[in-house]
Amino acid sequence: MADEPIVLGIETSCDETGVGIVRGHTLLADTIASSMDEHARFGGVVPEVASRAHLDAMAPTVDSALAKAGLKFSDIDAIAVTAGPGLAGALLVGVAAAKAYSVGLGVPLYGVNHLAAHVAVDQLEHGPLPEPCMALLVSGGHSSLLLVPDVTREVISLGSTVDDAAGEAFDKVARVLGLPFPGGPHIDRAAREGRGDAIPFPRGKVDDGTLDFSFSGLKTAVARYVEKQGDSVSVSDVAASFQEAVVDVLTRKALQACRAHGVEDLLIGGGVAANSRLRALAQERCDAAGVRLRVPRPGLCTDNGAMVAALGSNLVAAGAAPSLLDIPADSSMPITTVSV
Amino acid sequence: MLVLAFDTATPAVTAAVHDGTRVLAESTTIDARRHGELLAPAIETVLREAGVTVHDVTAVVAGAGPGPYTGLRVGLITARALSTTLGVPAYGICTLDAIAYAADVPGPFTVITDARRKELFWATYADGSTRLDGPRVDKPADVPAQGTVVGARLYLDGVTGPEHPSAGSLAALAAVELARLSPEEAAAAAKLPEGRIDSVEAAQNRAILGPPVPIYLRRPDAQIPGAPKKVTA
């Protein structure tokens with residue numbers, strides 16, 4: 001509908017400066033500036049490097065999103081921004097920018113939860129969210145199973161990692177194998193030449209009766225195996241077997257959660273959702289269990305501004321109260337807080 | 001002329017509106033940990049108290065530091081975002097210059113602010129609008145303090161004058177510079193450089209009125225990792 005509100009969303013919780021623009025749940029623009037190249041030599045995201053890059057990238061990224069959408073500032077009806085969780089200094093650049101855009105344009109501000117935004121983004125591709133739905137969010141910073149009765153109001157955490165995030169395990173194993181940072185895409189590629197059942201790596205917490213994850217022991221098991229094999233190690237078999245261990249646990253627990261709560265729709269988001277084996281195994285197991293699977297395209301799984309705009313659009317439509325100008329950036333915002 | 005100025009490079013979160021002749025409204029809150037929460041409401045407050053709207057603003061000025069980075073960026077990103085939405089230029093002024101301009105002490109004198117890690121940001125001045133050396137960051141014992149020392153009550157003895165920057169002084173200094181510069185010079189002063197300019201030399205060579213670019217003076221703390229740790233004996 002042409003009269004649906006136009007929402008500009010800002011995401012700076014990690015190393016991507018993301019700006020998205022939606023009209024209702026129609027995606028008009030999704031622009032990203034990434035500082036990943038600056039972090040690669042450090043083997044991980046350096047918070048101060050990310051924050052400096054956000055300051056420089058923010059206004060140009062907003063300008064290019066507007067240009068891509070063919071809009072002017074005066075067309076924007078609301079600003080949404082990731083208020084947490086994430087890197088404190090990085091979040092603050094986005095939150096301060098969003099407040100200034102809100103003041104300068106005289107439009108309402110919505111500070112939103114990064115994880116809820118990862119759920120909301122799927123509406124841009126696959127339409128309204130089933131209520132409730134189950135969400136598996138897996139990235140370099142998060143590994144969570146969420147029950148989502150209503151993405152604007154109620155998101156319930158059923159389980160999360162007790163140590164490393166899944167994406168973090170990919171990065172660390174990539175380093176052990178001599179593959180570049182970020183590890184996810186490189187392990188995915190190497191794994192295609194290897195056998196997922198070649199090495200029986202441990203499945204942490206798989207049968208412990210909780211919906212929590214653990215990937216730290218797996219990472220150490222891989223490092224031990226690689227050291228023991230020395231030069232004769234098969235990188236592709238290690239990559240495939242490690243990847244299989246991760247996605248086996250992720251999908252098993254996600255379907256356990258669906259069964260336990262009688263939920264028939266599973267949504268997967270976050271950077272690790274770009275992994276080809278996770279997508280394939282999730283589809284196979286969902287089909288077998290009679291669960292509908294929704295996974296946004298990879299560009300919407302990794303951090304982006306469109307997901308923030310999408311959740312902002314839900315909040316506007318639901319008549320939620322806008323955020324005040326004194327909201328903090330909350331690096332450890334709980335998932336129970338969808339908006340602030 | 002209507003200048004909206006603010007500074008978040010020290011524990012003070014300060015905002016002011018200046019009409020080219022005088023400060024119409026000013027607000028200062030001391031809270032080193034809440035720059036992100038305090039700045040936008042302070043801007044709304046000073047605009048309201050000055051009896052103007054944000055659309056009346058003709059120039060935005062932010063303190064460019066040096067200062068602790070997380071707080072410093074709040075002011076600079078606010079200036080840049082307001083500039084693009086309002087279609088007015090945004091400028092940066094060295095925070096130490098703003099303190100010097102408000103100092104009212106005979107030259108030469110030295111301005112210091114807290115750089116954390118037991119260090120000080122400092123600059124020396126011949127008078128309120130002529131910087132001799134700095135901005136730099138050093139251990140207190142290595143600061144070549146000249147004359148009266150103004151600013152943060154830290155490490156050095158007998159520090160006097162304004163402890164923190166005031167946005168009113170920042171705005172007044174900007175108004176003086178804007179009145180002095182031709183429109184072309186003023187436009188050039190606001191222009192953001194291509195790429196990131198964060199060298200110590202660039203900070204020292206800044207004109208009083210420059211683009212809203214942060215003065216960091218330190219590189220990010222990050223170590224390039226060595227080989228992964230062994231996990232087997």
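Hi everyone. Let me start with a term: a cavity is a set of grid points where a 1.4 Å probe fits but cannot get out, and its lining residues have an atom within 4 Å of a point. Keep that in mind as we look at this structure, which is a predicted model.

So, how many cavities of 30 Å³ or more does the structure hold? There is 1, and the largest cavity has about 40 Å³ of space. Which residues line it? From chain A we have A:A96, A:K99 and A:A100. From chain B come B:H35, B:G36, B:L39, B:A40, B:V74 and B:T78.

Now find the helices on your screen. At least two lining residues each come from α3 (88-105) of chain A, and from α1 (35-50) and α2 (69-86) of chain B. The largest share, 4 residues, belongs to α1(B).

Let's move on to chain A and its domains. Domain 1 covers 6-125 + 300-318, while domain 2 covers 133-295. Where they touch, domain 1 of chain A gives 21 residues and domain 2 of chain A gives 19. Their centres, taken over C-alpha atoms, are 26 Å apart.

Together these two domains bury about 1600 Å², with 77% of that on carbon and sulfur atoms. On the domain 1 side, A:V119, A:D122 and A:C301 lose the most area, together 36% of what that side buries.

Keep an eye on A:D122. Its side chain meets that of A:R294 in a salt bridge, at 2.5 Å from N to O. How many salt bridges are found across this domain interface? The rule finds 1.

Key. Residues are numbered from 1 along each chain as its sequence is written. Chains are lettered from A and ligands numbered from 1 in the order in which they are written. This is a predicted model: local features need pLDDT of at least 70, side-chain atom pairs count only at pLDDT 80 or more; totals for chains, interfaces and linings use all residues. Side-chain values use heavy atoms; hydrogens and water are left out. On a 1 Å grid over the protein atoms alone, a cavity is a set of points where a 1.4 Å probe fits but cannot get out, and a pocket is an open set with protein on both sides within 12 Å along at least five of seven lines; lining residues have an atom within 4 Å of a point. Grid points are joined across faces, edges and corners, and a volume is the space filled by probe spheres set on the points. Domain bounds come from an automatic or database domain assignment. Contact means heavy atoms within 4.5 Å. Buried area is the accessible area (1.4 Å probe) that two parts lose on being put together, summed over both. A salt bridge is a side-chain nitrogen of Lys or Arg within 4 Å of a carboxyl oxygen of Asp or Glu.
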